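I opened the model to look up a few residues and the chain as a whole. My notes follow.

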Amino acid sequence: MTQILSIPFVGQVMFLKNLIKIKNTLAFRLTLWYAGIFTVSSLAIFIALYFLLASAIQDRTDNSLIEETNEFSLILASAGLEKIMPFFRLEANMEGKDKIFFRLLKSNGAEVASSDMKFWKGISAKKNSLEQLTDGAKHFFETQMLPEQQYAVRIIYRVVDSGLILQVGKSLENDTRFMENLRYIFSTTFILLMLVASFVGWFMARRALHGVEEITQTAIEISRGSLDKRVPIKGRGEELDRLAFTFNNMIDRIQILIKDMGEMTDNIAHDLRSPITKIRGIAELTLTTGKTLDEYKAMASNTIEESDRLIGMINTMLDISEFEAGGGKLELEKIDISAMMQNACELFRPVADNKKITLITDLRPDCFLWGDLQSIQRMVANLLDNALKYTPRGGVVEVTINLNNEKIIFSIIDDGIGISRDELPHIFKRFYRCDRSRSEPGDGLGLCLAQAIAKVHDGHITVTSELEKGSIFSVALSVAAASR
Ligand code: ADP
């Protein structure tokens, strides 16, 4: 029994839930707005039209009453008071005795002559209406409700010959019926229009939002793992196409980012594994073969060396991330870049001498910039170290400084092994090392760090290189304060 009762109940709950869902949709709200605006404006038009028509109909009735009084004042002037009664009757019979009546009144309201008044019981000549005429008005209108009639009577009073007042009354039955019909037509048309407006509004809103729905569907598919999905751009309107275009761009970027992150994680795992494996190997070898204290000491010192290298790599990675995030602990100061470069070159001169490399400096004096001395020194050291590392014995390395458009450009030029065209786009990536340079020590983080430091100083590093001919690494830094 409870089960039988619960099925319609579940159905009702589902229906209510669906209703609430629809109520919260943008399409529903747009439809409501559309139908609301349409309803208010058409209602305003209908009301204005109704009152215009009502006033036009009343004007027409009033004009016909004026014409009647004109006609009868002429008849009265030509035929006289005694012969007016047949004319009243004739005219009333022609239009309908229940549709119009004519009366001649004295100024105190007493009746002198009239048409058949059987249908007009209760008609009166109000004192203040008559007074208005004696005050000089040519004619005067009023509307009366008679106790035995369903429809109101429009009445005109007009002063005719010898101070008599002509009273003509017309039933407003036709006018009232016409207005009733009009109201009926207006209200049914209005309801129909409202239904059509709601339907059209719903249809238009759904159509306009179809593109958004498509983007949502694509987003759902992407969130489920189909990163290759894209929203088709098919001229649904500029806003939606722009949204689709921006959305696709965003997914492209996310896809590249995920790919880069995957590569980076692989590289990190790979590059951190080598020193750890090395440390383990040293320890294992010493344990299995080592016998003397010196051998154990050597193992300890190797382990410390490799661990330091590992810690160095991890620290550099953290520094890169910090610089790329736009900060780090920058301590800005005015740096004499010429002097700083000179010092750096002097520091590396023994290395150059050792490899019989000629280290030339062509440093324009008094080049200053605002920046963090320690990180700029790190960047220069990395570039100098690379130039000396990847230049064979007897080569030449030249360091220059120039000023160009508010930028200090310093270049480190070598005639070393160079970089191939294929590898050139990758050298600033984390852990990237060109094939030919693997014999040299290094972890592939130096250029990535140098570029991050240049960028945090509103600058950048560019490189031109040719295999076997050498490379030029140029750093352009803004003379003004570092941006971050
Ligand atoms: P590494 O520690 O290997 O030197 P870097 O990030 O400093 O790492 O450089 C990345 C790679 O770019 C290097 O492994 C090398 O192959 C290449 N490279 C950098 N500087 C030079 C240069 N002056 N001449 C030739 N190759 C270079």
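Where is the place of Tyr-151? I found Tyr-151 in the loop between strand S3 (139-144) and strand S4 (153-159); helices (H or I, at least four residues) and strands (E, at least two) are DSSP runs, numbered from the N terminus. I am working from a predicted model, in which local features need pLDDT of at least 70, side-chain atom pairs count only at pLDDT 80 or more, and totals for chains, interfaces and linings use all residues. Residues are numbered from 1 along each chain as its sequence is written, and side-chain values use heavy atoms, with hydrogens and water left out.

**Tyr-151.** I looked up its accessibility: Tyr-151 is at 11% relative accessibility and counts as buried (under 20% relative accessible area; exposed is over 50%, partly exposed in between; 1.4 Å probe, protein chains only). Among its contacts, leaving aside neighbours within four places in sequence, I noted Met-145, Leu-172 and Arg-177 (contact means heavy atoms within 4.5 Å).

**Glu-68.** I placed Glu-68 in helix H2 (residues 26-79). Glu-68 is buried yet has no salt bridge (a side-chain nitrogen of Lys or Arg within 4 Å of a carboxyl oxygen of Asp or Glu). The nearest side chain of opposite charge is Lys-170, 5.1 Å away; Lys and Arg count as positive, Asp and Glu as negative, and His and the chain ends are not counted.

**Salt bridges.** I have 19 of them in the structure. Arg-60 pairs with Asp-175, with the closest N and O atoms 3.6 Å apart. Arg-60 lies in helix H2 and Asp-175 in helix H5 (residues 173-223), so the pair ties together parts that are 115 residues apart in sequence. Arg-60 is exposed, with a relative accessible area of 55%, whereas Asp-175 counts as buried at 13%.

I then checked Arg-154 and Asp-62, whose side chains meet at 2.7 Å, N to O. Arg-154 is in strand S4 and Asp-62 in helix H2, 92 residues apart. Both are buried. I also noted a network of salt bridges that links Asp-98, Lys-99, Glu-173 and Arg-177.

**Whole chain.** I noted 10 helices and 12 strands in the protein chain. Its radius of gyration is 51 Å, well over the 23 Å that the globule rule gives for 484 residues, so the chain is more spread out than a compact globule. The radius is taken over C-alpha atoms, and the rule is 2.2 Å times the number of residues to the power 0.38. The C-alpha trace spans about 155 × 80 × 35 Å along its principal axes.
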